[in-house]
Amino acid sequence: MPHVLLISGSPTAASRSAALLDRVSRAIEGRGLTTRTVGVRDFPAEDLVLARYDSPAFEEFKALIADAAGLVVATPIYKASYAGGLKALLDILPPGSLRGKTVLPIATGGSLAHLLAIDYALKPVLAVLGASDIQQGVYGVDSQFRQEDGAYVLEAELQARLDDSVERLVEVVETLNSHAVA
């Protein structure tokens, strides 16, 4: 059972939001917690598009959500909103699925013009699913990434914001785990 479930809303394997998720995973695991990454690409497109809520393909995902203390939801921003595949995946979850969960939303976009997409598009859906603690999101723009040897390198300011957000998430998850053990 992962302590933190990482959800990738990117339709492509090598994306800026996937690069952020990878860094988040390494930082969380560096603190001794476990992670698991699940992406929209892991599910049959037909099940997502046709909203087959009862598809066996989603059973493990629902169980991972139920068992995780925290979630990180990462998405690219397209036309002022998060990825449609992520919306389809979140729609699969039953009401209240995120109750008691701490969620860190992260997003990437072409410019600062869509910075508020986390607050006005993604956070409301997370809240409707019952997320009780939605952390301040991290938004990165294309100019804050550069490629070196086929990998994304983050600008220092973006890396610092991401590190701060991960630190807050880890503190909450550690507190939840210590209360669950006690």
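How many aromatic pairs does a search of the whole structure find? I ran that search first, and three aromatic pairs came back, where rings of Phe, Tyr and Trp (its six-membered ring) pair if their centres lie within 6.5 Å, with planes under 30 degrees apart counted as stacked, over 60 as edge-to-face and the rest as tilted.

**Ground rules.** I note that this is a predicted model, in which local features need pLDDT of at least 70 and side-chain atom pairs count only at pLDDT 80 or more, while totals for chains, interfaces and linings use all residues. I number residues from 1 along each chain as its sequence is written, and I take side-chain values from heavy atoms, with hydrogens and water left out.

**Aromatic pairs.** I looked up Phe43 and Phe61, whose ring centres are 5.5 Å apart with planes at 65°, so this pair is edge-to-face. The two residues are 18 residues apart and link distant parts of the chain, since Phe43 sits in the loop between β2 (35-39) and α2 (45-49), whereas Phe61 belongs to helix α3 (residues 59-67); here helices (H or I, at least four residues) and strands (E, at least two) are DSSP runs, numbered from the N terminus. I then checked accessibility, taking buried as under 20% relative accessible area, exposed as over 50% and partly exposed as in between (1.4 Å probe, protein chains only). Phe43 is buried at a relative accessible area of 10%, and Phe61 is buried at 1%. I also recorded the pair of Phe145 and Tyr152, which is edge-to-face with 5.8 Å from centre to centre and 80° between the planes. Both Phe145 and Tyr152 are buried. Phe43 and Phe61 also belong to one aromatic cluster with Phe58.

Strand β8 (residues 145-148) runs antiparallel to β9 and is joined to it by four bridges, and Phe145 has Leu154 in β9 as its bridge partner. The two strands form a hairpin with two residues between them, and Asp149 in the turn has a positive phi of about 50°. In a regular strand the side chains alternate between the two faces of the sheet. For β9 (residues 151-154) I found Tyr152 and Leu154 on the covered face, and Ala151 and Val153 on the uncovered one.

**Strand β3 and its partners.** I asked how enclosed β3 is: eight of its nine residues are buried, so the rest of the structure largely encloses it. On pairing, β3 is parallel to β1 over five bridges, with Leu6 bridged to Val72 in β3, and β3 is parallel to β5 over seven bridges, with Val73 bridged to Pro105 in β5. β3 and β4 run antiparallel with two bridges, and Tyr78 has Ser81 in β4 as its bridge partner. β3 and β4 form a hairpin with two residues between them, where Lys79 in the turn has a positive phi of about 50°. Lys79 counts as exposed at 79% relative accessibility, and its C-alpha atom is separated by 7.9 Å from that of His114, 35 residues apart along the chain.

**Ser8 in β1.** I placed Ser8 in strand β1 (residues 4-8), where it counts as buried at 11% relative accessibility. Its side chain reaches the backbone nitrogen of Ser10 at 3.4 Å. With contact taken as heavy atoms within 4.5 Å, and not counting residues up to four places away in sequence, Ser8 touches Leu21, Val38, Gly39, Val40 and Ala74.

**Helix α5.** I compared spans for α5 (residues 117-128): its 12 residues should span 16 Å at 1.5 Å a residue, and its end C-alpha atoms are 16 Å apart, which agrees; the expected span is 1.5 Å times one less than the number of residues. Its buried residues include Ala117, Ile118, Ala121 and Leu122, and what covers the buried residues includes β3 (70-78), β4 (81-82), α4 (84-92) and β5 (102-109). Ala117 is buried with a relative accessible area of 6%, and, leaving aside neighbours within four places in sequence, I found Ala117 in contact with residues including Ile77, Ala80 and Ser81. Just after α5, Gly130 takes a positive phi of about 100°.

Methods:
A polar contact is a pair of N or O atoms within 3.5 Å; within protein, one must be able to donate a hydrogen and the other to accept it, and residues adjacent in sequence count only if both atoms are side-chain atoms. Two strands pair if DSSP finds at least two bridges between them.
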